[in-house]
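Please examine the structure shown below. The paragraphs that follow lead through a metal site and then through several pairs of charged side chains.

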Amino acid sequence: MHTKPQASLKFEEYLKHSRSGRLYFSPEAKFGGTSSAWDISEMKQKLGTDVSNLIPFCHAVLGCDTTSHLYGIGKGKAVQLLLSNKSFRDSAAIFGDKLALLDDIVAAGERALLILYGCPDVSNLDTARKLIFHRKVSTATTFVPPQELQPTQAAAKYHSLRVYCQVQIWLGNPVDPLRLGWKLQDNEVFAPIKTDLPAAPSQLLKIIKCSCRIDGCDSEKCTCKKNRLECTIACRTCKGSSLIKVLPILRRRLEEEYVKL
Ligand SMILES: [Zn+2]
Ligand SMILES: [Zn+2]
């Protein structure tokens, strides 16, 4: 996930001021490049009101401060699709509807992702992922980097909910992040729900385990960390460090409940 606080601040300013007056947007120049300025009012006129209103969706679905970046897909592609693809526009419009139902958001998000990944005729992301994987394996000379595949249906569901959450916040509508792809971690910080499926079939996960010493799982040497997996009960010493971190919180909560009784 990439975060670009500067760009996002400017984007929020754009939303605030683009409804009145003139505003210029000037992204920071890339290394060795030159900076350019965009006349937002003129841009809005050229794109038309319908497409302009869907820009927040494009920004959020392809990655902003609170949503994950889709590997290998630039924001220009989403704007092109807004202009040329009605199905993409219809999906994007759901994210601006403050009364949208969760099932509709998830379905619209999946449709938009299928179009972004160039699989508009495939029925769902898991099927598309399998198709692309087979295609890449048959032509690749080295291994297929997993980040080049589409997100799974289960991961896309939470991504879409967070995209909806962010778009509604930009539009000034009240939202409950805990219904929209976020969970409360350690009772104080919001953390994204990445998926509701295990990272791999359980038979495969059993093979990956670490042998770190106590408290060693924070280091880069941890096999689980290297594979971006949570430690599990199969790990030699930590026996699932995340579980160990959660236990004191559970115990405290139980004690509080006990005091109430
Ligand atoms: Zn470890
Ligand atoms: Zn481990």
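Which residues coordinate the zinc ion (ligand 2)? In this predicted model, the zinc ion (ligand 2) is held by the SG atoms of Cys210, Cys224, Cys231 and Cys235, at 2.3 to 2.4 Å. Along the sequence, these donor residues follow the spacing C-x13-C-x6-C-x3-C.

The arrangement of the donors can be judged from the angles at the metal. Four donors count as tetrahedral if all angles lie between 85 and 135 degrees. The four donor atoms around the zinc ion (ligand 2) subtend angles of 97 to 120°, and the arrangement is therefore tetrahedral. For comparison, the ideal angle for four tetrahedral donors is 109.5 degrees.

The zinc ion (ligand 1) is 3.6 Å from the zinc ion (ligand 2), and Cys210 coordinates both. Cys210 lies in the loop between H10 and helix H11 (223–226), whereas Cys231 lies in the loop between H11 and helix H12 (241–260), so the pair ties together parts that are 21 residues apart in sequence. Are these two residues buried or exposed? Buried means under 20% relative accessible area. Cys210 counts as buried because its relative accessibility is 2%, and Cys231 is buried with a relative accessible area of 11%.

The discussion now turns to charged side chains. The structure holds five salt bridges. One of them joins Lys46 to Glu42, with the closest N and O atoms 3.3 Å apart. Both residues belong to helix H2 (residues 40–47), where they are four residues apart, about one turn of the helix. Lys46 counts as exposed because its relative accessibility is 66%, while Glu42, at 36%, is partly exposed.

Another salt bridge is formed by Asp196 and Lys157, whose closest N and O atoms are 2.9 Å apart. This pair links distant parts of the chain: Asp196 is in the loop between strand S4 (189–192) and helix H10 (202–205), Lys157 is in helix H9 (residues 153–170), and the two are 39 residues apart. Asp196 counts as partly exposed, at 41% relative accessibility, and Lys157 also counts as partly exposed, at 27%.

The side chains of Lys225 and Glu220 likewise meet in a salt bridge, at 3.6 Å from N to O. Lys225 has a relative accessibility of 37% and therefore counts as partly exposed. Glu220 has a relative accessible area of 59% and is exposed.

Technical notes. Residues numbered from 1 in each chain as written. Chains lettered and ligands numbered in written order. Predicted model: local features only at pLDDT ≥ 70, side-chain atom pairs only at ≥ 80, totals over all residues. Heavy atoms only, no water. Salt bridge = Lys/Arg side-chain N within 4 Å of Asp/Glu carboxyl O. Buried < 20%, exposed > 50% of the residue type's maximum accessible area, 1.4 Å probe, protein only. Donors = N, O, S within 2.8 Å, 3.2 Å for Na, K, Ca; no water. Tetrahedral: all angles 85-135°; square planar, octahedral: opposite > 155°, others 65-115°.
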